[in-house]
Amino acid sequence: MTIAQELDSQQGICQDVIFPPGDLYSDEPPLESELHLRQIILLLTCLEWLWRDRNDFYAAGNLTIYYSPHQRKSEYFRGPDFFVVLGTERKTRKSWVVWEEDGKYPNVILEILSDSTANTDKGLKKEIYQDTFRTLDYFWFDPYTQEFAGFHLVDGEYQPLQASEQGYLWSQQLGLYLGVNEGLLRFFARDGQLVPTPEETAEQAEKKAERLAAKLRELNIDPDTI
């Protein structure tokens, strides 16, 4: 099937139809490398920790998105390396089935490039995410070469994002920057501060407590008595 045929076939899906529930498992192949896995886990961990008080989003990695207008598992499916859907219930899912999710597609998609997937990620997948998914923010990143690019959907077409002075790219949908830090892609707040993992948050709190204790000792105050 050609790209045009795949894209054209999506036009018939009706967003107003109430579809019956299904039970589709994800059907994604193994990840390319351990580094790919670490990158996905890092993004998921940081976003879920940052948004730990929110229940209106779904984030997943290496999970199948089924989007067949005929509600068939065997046709029209893609498995982004990392994606986020906003305005939906935060719960565990076996896969993302568009016809069971009020016709919702991801708001943000990130593909982790490799030698075997780069051409597809930059070509076919980009076209599908633009023309069928209408995903507003699309990024790709190569953890080996450090190639990093992002796009935002404007009038139906992806426009390249311009990097900040630090080399970060802004995700309008997430309200966060994405940028490379120590070889891996991380989230950054609007002010440029790194979005930490739970472990990094604990380490920061411990260091802050140690600095406070040292300051108290300088003032001849035993911190253990406070």
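I count two strands as paired if DSSP finds at least two bridges between them. The model is predicted.

**Hairpin.** I looked up β8 and β9. They form a hairpin with two residues between them. D155, in the turn, has a positive phi of about 55°. Strand β8 covers residues 148-154, and β9 covers residues 157-160. The two run antiparallel and are joined by four bridges. I checked which residue faces V154 across the pair: V154 stands opposite E157 in β9.

**H152.** I stayed in β8, where H152 lies. Is H152 buried or exposed? H152 counts as buried because its relative accessibility is 14%, and the cut-off for buried is under 20%. I then looked for polar partners. A polar atom of the H152 side chain lies 3.2 Å from the backbone oxygen of L136. Leaving out residues up to four places away in sequence, I found that H152 touches L136, D137, E157, Y158, Q159, L161 and Q172.

Next I traced an open sheet of three strands. Its order is β3-β2-β5, with mixed pairing. The edge strands are β3 (77-78) and β5 (96-97), each pairing on one side only. Strand β2, residues 65-66, pairs with β5 in the parallel sense over two bridges. I noted the bridge partner of I65 in β5, which is W96.

**Salt bridges.** How many salt bridges does the rule give? The count comes to nine. I went through three of them.

R38 pairs with E34, and the closest N and O atoms are 2.6 Å apart. Both residues sit in helix α2 (residues 34-50); they are four residues apart, so about one helical turn separates them. R38 and E34 are both exposed.

K125 and D121 meet through their side chains at 3.8 Å, N to O. K125 is buried, with a relative accessible area of 12%. D121 counts as buried too, at 1% relative accessibility.

K122 and E147 form a salt bridge at 2.8 Å, N to O. K122 lies in helix α3 (residues 118-122) and E147 in the loop between β7 (137-141) and β8, so the pair ties together parts that are 25 residues apart in sequence. K122 counts as partly exposed at 33% relative accessibility. E147 is also partly exposed, at 30%.

Last, I looked for shared partners. Salt bridges that share partners join E111, D121 and K125 into one network.

Notes: Residues numbered from 1 in each chain as written. Predicted model: local features only at pLDDT ≥ 70, side-chain atom pairs only at ≥ 80, totals over all residues. Heavy atoms only, no water. Buried < 20%, exposed > 50% of the residue type's maximum accessible area, 1.4 Å probe, protein only. Polar contact = N/O pair within 3.5 Å; in protein donor to acceptor, adjacent residues only side chain to side chain. Contact = heavy atoms within 4.5 Å. Salt bridge = Lys/Arg side-chain N within 4 Å of Asp/Glu carboxyl O.
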